[in-house]
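Please consult both while reading.

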Amino acid sequence: MKCKTMKRGSIGLQYMMLAFIFAVCFSCCKDSKDETSVPYDPSQPIEVTDFTPKSGGGKKKMIIYGRNFGTDCSIVSVKVGGKDAIVISAKGTSIYCSTPESCFEGTIEVKVGEQTVVLPEKYQYEPQMVVTDLCGDVDELGKADIVETGPFDNCGKIDYPFWFSFDPQHPNILYLSQNNGLLRVLDLEQKMIYTKKLDNINRATTITWTNDGDMILAAPQNGGAKNRNNIILKRENSTDGQDFRESSWVALARGNACNGSMVLPQTGELYFNHRATGNVYRYNFEKNGYNNNPEVPGGSGLNEFLAFSVPNQTVDFSMVPHPTGKYVYIIMHESHYILRSNYDEETKKLVTPYIVCGQSGQADYKDLVGINARINKPGQGVFVLNEEYKAANKDDWYDFYFADKENHCIRILTPDGVVSTFAGRGSASASSYKWGKQNGEVRERARFNQPVALAYDEETKTFYVGDSGNYKIRKIAKEQAPDDLGGEESNDNQHQENQ
């Protein structure tokens, strides 16, 4: 009996201890819950103890920890780098907010009611890839004059942009061909735009270069085989970068319906297409001279020049050689796919091409692999060095970026055939349409309207986009810290920018 009594006493003690622990835990949980829902008390100081994340870009979700924040968002404000963050919620011990864009300076300031606390630790802002306007503008009706010569901030509209190309001898000069026959010259250093009118040329498409630095323009013509299908502009070696004058062109090769040409790096030969047949011809103009090929494309006299043919005749297409010359991408502008033609070291020629992404006639938007991907009227493309591929010593170090006109974005095609979206179609907008002219972070906010032309400056890591529907030239690059930051923060950000 005695032992039994002691056992019962022990059990009772255990129950009492469990009840006490439960009560304490419940009390703590209740206090914690109450603390997150207690209104702001202006008679008590606000405290800020920490924040996360410590670094990042704009539009990052940030949590600020502390006490006495209350639950009324209307009396809570947060600044990061002197710019207003978007406060999403306040729960007594935490504030949930979204960081502002371009908050380079990084100081975090929390205000609740009339109380303000400045945190000693700063948010380390990481510059983001953003879309901005370079030049070109129209009114609400899409109308504006075309200014033949003028500064970027007052150059009128950019009409029918088709193909960009940097001058190989003047890296600050960017040429733009337009489907209305004009050749525009952008001086990126002086921020000026010039216009060249090419006599008797109604349309100019692709731009490529001879080994001597002369410019070759594909100039499709109608009305007979004696028309020029490629013209060459002879360089005049001026000191102002304006090396190609208004009418300094001569015929290079003949034939109508050519809307794409390129010079293959390894051989220096000109490859040009014939739209009506889908044929691609190779022409050694250094050997055969200017304007010395047979006049009738597809005739028996041109067989010796035939390189290969592409399917889907009577469509526009253009060619972009890989920097090594190992292969060429053929952009089928109206058929919604991209081909690849490899260079044969033995024959010194390009071989029959095959599809690397998209499907003929299957216009759509899908970020997938190879023939399962979907694109819609692809425009100009450029090869861009990928440092990660180089560090991994992969066989191919370049991604291919291209304008996807009717999908209103810039896409990426990897060497493995993976298609993804790089810029455009931003979701941070009141509009449900995927086209527009919003600037900002490349995927969250930026929008284009039928981008066609695309260029890339390897030195500055900058893309240039001929945005045809907006009559603008847009720029994609990392944000630049303002000059007035000063001190260590400015130097740190500039160092980050140069990485």
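The questions below concern backbone geometry, cysteines and pockets.

The model is predicted: local features need pLDDT of at least 70, side-chain atom pairs count only at pLDDT 80 or more, and totals for chains, interfaces and linings use all residues. Residues are numbered from 1 along each chain as its sequence is written, and side-chain values use heavy atoms, with hydrogens and water left out.

Reader: Which two residues does a cis peptide bond join?

Author: Most peptide bonds are trans. With omega at about 0°, the cis bond joins Thr52 and Pro53.

Reader: What is the relative accessible area of Lys348, a residue with a positive phi?

Author: Most residues other than glycine have a negative phi. Lys348, which is not a glycine, has a phi of about 60° and is found in the loop between strand S27 (337-344) and strand S28 (349-350).

Reader: How far from Cys155 is the nearest cysteine sulfur?

Author: The structure holds 0 disulfides, a disulfide being a pair of cysteine sulfur atoms within 2.5 Å. Cys155 is accordingly in no disulfide, and the nearest cysteine sulfur, that of Cys135, is away by 4.1 Å.

Reader: Which strand gives the largest share of the lining of the largest pocket?

Author: A pocket is found on a 1 Å grid over the protein atoms alone, as an open set of points where a 1.4 Å probe fits, with protein on both sides within 12 Å along at least five of seven lines; lining residues have an atom within 4 Å of a point. The largest pocket is lined by 41 residues, with Thr460 and Lys461 among those nearest its centre. The largest share, 6 residues, comes from strand S11 (residues 129-135).

Reader: How many charged residues are in the lining of the second largest pocket?

Author: Of the 37 residues that line the second largest pocket, those closest to its centre include Phe166 and Trp209. Its lining has 21 nonpolar residues (Ala, Val, Leu, Ile, Met, Phe, Trp, Tyr, Cys and Pro) and 12 polar ones (the others, Gly among them). The charged class (Asp, Glu, Lys and Arg) numbers 4.

How values were computed:
Helices (H or I, at least four residues) and strands (E, at least two) are DSSP runs, numbered from the N terminus.
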